[in-house]
There are 2 protein chains.
Amino acid sequence: MTVGIVGLGLIGGSLAKCFAQHGHRVLACDRDAETMAAALRDGAAQGELTPARFGGCELILVCLWPQKTVDYIEENRAAFPKGGLVVDCCGVKGEICRQVWPIAREEGFTFVGGHPMAGRELSGYRASQADLFHRASMILTPGPGCDEAVIEKLRALFLSLHFRQVVLSTPEEHDRIIALTSQLCHIVSNCFVKSPTAGDFGGFSAGSFKDLTRVAKLNEAMWTDLFSQNRAALLAELDIFIDNLARYRAALAQGDDSALEGLLREGRKIKEGLTLGNHTSQNRESL
Amino acid sequence: MTVGIVGLGLIGGSLAKCFAQHGHRVLACDRDAETMAAALRDGAAQGELTPARFGGCELILVCLWPQKTVDYIEENRAAFPKGGLVVDCCGVKGEICRQVWPIAREEGFTFVGGHPMAGRELSGYRASQADLFHRASMILTPGPGCDEAVIEKLRALFLSLHFRQVVLSTPEEHDRIIALTSQLCHIVSNCFVKSPTAGDFGGFSAGSFKDLTRVAKLNEAMWTDLFSQNRAALLAELDIFIDNLARYRAALAQGDDSALEGLLREGRKIKEGLTLGNHTSQNRESL
């Protein structure tokens, strides 16, 4: 198929390389001319995407930051083909879908929220990789009344690109879960390195410090954008975490080893439950 | 050499297998008869260690939990050979060294605190591996006035077993740093899974949730023992972390994106500094 890709950062660049490698024709655009030239040179894109060419694309993937995604679709709303299919790739879905679904309805194209669940501690086209999404989860948040055939087409497409699974969700469910599984992870990791002791870690660490602080290296502007678009859910998770942490602190401060051991046991058992795979939400369909 | 190993759990069992694989003669003991039999059958031990045989060991490694380590050495204090060498393998060093150094001085053997920096989310002899410490850091906390030749002998020995490095520290420095790099990691990880949202993570996670919660699965009795022996340092790190986290929470709650981005930038830069290796403590010697 011919796929249009807007934005050739880590996500858009990786998707372009992946689609091209699987024999699809990629038309892409990026505000940075050098990145665009590199993508054409690499064969990640076969041509430049302009709004005039939207009509020739079976699928348009918008791979910009959250606010820019909405802005781009708003600015180019009239150029999307009637009956066309547009998917974004932002890490938040509520704000995006609330703003873009009405535009899509008015202009007569289909918009499905998307979130390919993979990343790297590097950003930009140069960090992009054709296999970034190998075995990754692709989350889709279709709008109310979205045609089943559209979902089925996207499902088959992403599986053909070697995603592990396509998960259907609502924007609200997505944002509620992602607040913990991605956003709070980044805050905790970023916060963890702020102890003055962190500078002494060399030679004093097995894997736990490294794993816990892996995502501390983040693009702060992009993540601020993501956090601000999911403020309520993230704040709720942060408060749950802070409340729970206070229990450990109290047990430790009071020298109550039995309470501390109980808290640790509880966490260990929850973790074992997750590891064993007891984590399938009832109200979600994994295709 | 002939090495005595007390306790064949994950750490002692892995050390026994490692020493044996490198051609050393291992005498070992474990309170569990089946474990002892398995170690003899596996060739991890060539014979059973009894206090009567301590004299034939060039080195005795005590691989028990913190309190049991002190108890074992106290109970068998008279059996350690004059001029002999004993190293423990606990994850805390202050309490151990404070209690064992006087015993060693009185009985005329040398006690060096030790902490081989590796682990698994499994415990016990069955989880032990000959290569568990491959490329790991071995921390040693020798007592005041410890013979240089003893340190040099231990250094050469652990490097010959393919440890990456031998790091010298004081018990206080070790415990201060480990409070962050190991202990707080385990508390944060264990606490993180307690959100009710954790059960929904399947399909909604790239690597960050998995990495952050890896060590949530811990042996709660052993870690309570470790935490309780390092209460002050761990509490200090926990409070630093909680204070820092409150800053992120305030910025998020107030909708102050500029402050939030500033906090994230600060963390990202610290993490980059760590990654670049700007973490060599001045008062520590890496041999």
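Helices (H or I, at least four residues) and strands (E, at least two) in these legends are DSSP runs, numbered from the N terminus. The model is predicted: local features need pLDDT of at least 70, side-chain atom pairs count only at pLDDT 80 or more, and totals for chains, interfaces and linings use all residues. Residues are numbered from 1 along each chain as its sequence is written, chains are lettered from A in the order in which they are written, and side-chain values use heavy atoms, with hydrogens and water left out.

**View 1. Ala221(A) in helix 8.** Ala221(A) belongs to helix 8 of chain A, residues 220-228. With a relative accessibility of 26%, Ala221(A) counts as partly exposed (buried means under 20% relative accessible area, exposed over 50%, partly exposed in between, with a 1.4 Å probe and protein chains only). Leaving aside residues up to four places away in sequence, Ala221(A) touches Trp65(A) and Glu261(B); contact means heavy atoms within 4.5 Å. Trp65(A) is 156 residues from Ala221(A) along the chain, and their C-alpha atoms are separated by 9.6 Å.

**View 2. Salt bridges of Arg77(A).** A salt bridge is a side-chain nitrogen of Lys or Arg within 4 Å of a carboxyl oxygen of Asp or Glu. Arg77(A) forms one with Glu106(A), at 2.6 Å from N to O. This pair links distant parts of the chain, 29 residues apart: Glu106(A) is in helix 4 (residues 94-107) and Arg77(A) in the loop between helix 3 (66-75) and strand 5 (85-88) of chain A. Arg77(A) also meets Glu107(A) in a salt bridge, at 2.8 Å from N to O. That pair is 30 residues apart, with Glu107(A) in helix 4 of chain A. Glu107(A) is buried, as is Arg77(A). Glu74(A), Arg77(A), Lys82(A), Glu106(A) and Glu107(A) are linked in a network of salt bridges.

**View 3. Arg77(B) and Glu106(B) in chain B.** The side chains of Arg77(B) and Glu106(B) form a salt bridge, with N and O 2.6 Å apart. Arg77(B) sits in the loop between helix 3 (66-75) and strand 5 (85-88) of chain B, and Glu106(B) in helix 4 (residues 94-107), 29 residues apart. Glu106(B) has 57% relative accessibility and therefore counts as exposed.

**View 4. The contact of chain B with chain A.** Chain B can be laid on chain A by a turn of 180° and a shift of 0.0 Å along the axis, with an RMSD of 0.0 Å (copies are superposed by least squares on the C-alpha atoms of residues with pLDDT of at least 70 in both). This is the relation of a two-fold axis. The same surface serves both copies, as 100% of the contact residues of chain B recur in chain A. Each chain is represented in the contact: 90 residues come from chain B and 90 residues from chain A.

**View 5. Salt bridges across the interface.** How many salt bridges does the rule find across the interface of chain B and chain A? There are 14. One salt bridge joins Glu220(A) to Arg268(B), their closest N and O atoms being 2.7 Å apart. On the side of chain B that touches chain A, helix 6 of chain B supplies the largest share, 17 residues.
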